[in-house]
Amino acid sequence: LLSGRETVGSSNMENDVSLKFHQQLLLISENLVTEDVAALKFLCKDFLHLSKLEGVKSAADIFKLLMAQEYLNAEDTFLLAELLYRIKCHSLLEKLGYTKEKVQERLHEKGRVSPYRQMLYELSENITNEMLSGIIFLLQNHLPKRCITTPSALDLLTLLEKQGLLTKDNVQILEDICETVSPDLQEIIDCYKKARGVCCSLVSREGLQWMEFFYFNPRLDLNTWYLKFWYFSALKIFFFKQREIILNLNQKNCSVVGLCTSEISVLFASFSTFFFSFLQTISSYKMDGPHRGFCLIINNVNFNSSQRKGSCKDAEQLKRVFTWLGLDVRTYTDLTSGDIINLMQTWQSMQDHKDRNCFICCILSHGKSGAIYGTDDKLVSIRVLTTHFTAKQCPQLAAKPKLFFIQACQGNNIQRPVYVDTDGPTPVQERVSLSESIPEEADFLLGMATVDGCVSFRHIEEGTWYIQALCSKLQLLVPRGEDILSILTQVNEDVAKRVSPSGTKKQMPQPAYTLRRKFIFPIPMAPPPS
């Protein structure tokens, strides 16, 4: 009798877990729009039959297919978490008990979406409607007439795969069209194609099978895959120069034949220096064009009820530093909320971005959580500002780094000390997460003077802590070849050490970014301006 009760209790518990799991899936499905479902279908093509995917009408249909193939169950929801992460539906991850960071941590061991599929999806995310029209025009002889009006980039890629024109081993057709339509997109394809090419030349047939697993294992995250590819490429190049060395790569080991331990140690010590120099070169954004890019400085000083004394010192220093770094600097003073929006729209449509390497925008103003003030005391959302420059809204800057530096309070719960003003004239209201202020696509960096909900400090004569630290560290560390994230880490340390005259108030800057590569300013020929 006791055993029977235990069995009934266990069964009820399983039913409860199953019900809760299906409720979670239904809730997630209801929060995914048509574009999200199309993206999920595309990413699932490596492990679900195309014939079954063609009948999918909702996310719930995809979940059923995944469960039927035992890719998804109540005990293991990681594949669904990965898919939501890939399509940037990060807010839905919490319904599965995940966060964006937790998914990132586990991708290297549990990820299933192949690098090939990720590469195609990344391309589709950066193809604008204008680009898509050009691509369809170029491919009109390869496409059935009924498909000439293909409604999306994913549909087009799917069609090319169906016709056998596009495979993981052959992406030549994408190279050809991207070279004509948008050379910036070709960087994504080049990285994939180079990996395939080098893989084939590295090792013998047996070794190739091992390297195929290593490079193209669907369980590897795309970033991990790129890093490991470049590591072994660099390793091969380095040892190729040592003619007496033979690399013996097989499925179980990677050993150097014919050398004693001390010789191997010396060679690998030399290689580490070589590799990191090599890695920095190939993993950085292209910054060697004839024009570096534009840098906008919006300096709001005079408000209806206050004046931001010391802000002009910041604006002058920013102009000197970014001019020294090779940017074309434009300064705008005392803009209303409407003026700021109009300015973003003007620069969004600027055709000259096409010949530039990057775009930088610095805003000096009052602010609150997730927003900055115009001089008319009206708020402008930081996300509204940054989304003007997404790949779809500003194709000329697609795949190029876009940096925003915001000197403004994100709250106002600290009283102003003597000689120190706060950049936030209004009380703290509803907070906005920093990650919500940047578009959910690649190549953005947002440097905030302070964490959400807190004030940032400005000396009425010397300028703000954050901007002065930023300018100082740029001048110190750019000549050393440091990347922007390393520089901002040093800025954080500098500002964190400062205290207000009363000795009781501090500040901590906070960056957020979706950069895919290191952003490294070329070292200027001239000495730093100050």
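**Reading a sheet and its cores**

User: In which sense do β9 and strand β11 (residues 444-448) pair, and over how many bridges?

Analyst: β9 and β11 pair in the parallel sense, over 5 bridges. Strands of a sheet pair through backbone hydrogen bonds, either parallel or antiparallel. Here, two strands pair if DSSP finds at least two bridges between them; strands (E, at least two residues) and helices (H or I, at least four) are DSSP runs numbered from the N terminus. One example is F405, whose bridge partner in β11 is G447.

This is a predicted model, with local features needing pLDDT of at least 70 and side-chain atom pairs pLDDT 80 or more, while totals for chains, interfaces and linings use all residues. Residues are numbered from 1 along each chain as its sequence is written, and side-chain values use heavy atoms, without hydrogens and water.

User: Which strand pairs with β9 over 6 bridges?

Analyst: That is β5 (residues 356-364), again in the parallel sense. Along this pairing, F359 is the bridge partner of K402, and L364 stands opposite Q407.

User: What is the strand order of the open sheet?

Analyst: Its 6 strands run β4-β3-β5-β9-β11-β14, with mixed pairing. β4 (328-333) and β14 (510-513) are at the edges with a single partner strand each, so one side of each has no neighbour in the sheet. From one strand to the next, the twist averages 10°.

User: Which residues have the most contacts inside the largest nonpolar core?

Analyst: In soluble globular proteins, nonpolar side chains tend to be buried together. A nonpolar core joins buried Ala, Val, Leu, Ile, Met, Phe, Trp, Tyr and Cys residues through side-chain atoms within 4.5 Å. The largest has 66 residues, and L32, L66, L84, I87, M119, L166 and L174 have the most contacts inside it. Helix α5 (residues 78-86) gives the largest share, 7 residues. At least three residues come from each of domain 1 (18-113) and domain 2 (118-196), with bounds from an automatic or database assignment.

Beyond its neighbours within four places in sequence, L174 is in contact (heavy atoms within 4.5 Å) with L120, L123, L157, L160, L166 and I189. Another core, of 37 residues, lies apart from the largest one and includes L403, W465, L470 and L515.

Note on methods. Buried means under 20% relative accessible area, exposed over 50%, partly exposed in between (1.4 Å probe, protein chains only). Axes are lines fitted to C-alpha atoms, for helices over the stretch in contact, and angles run from 0 to 180 degrees between N-to-C directions.
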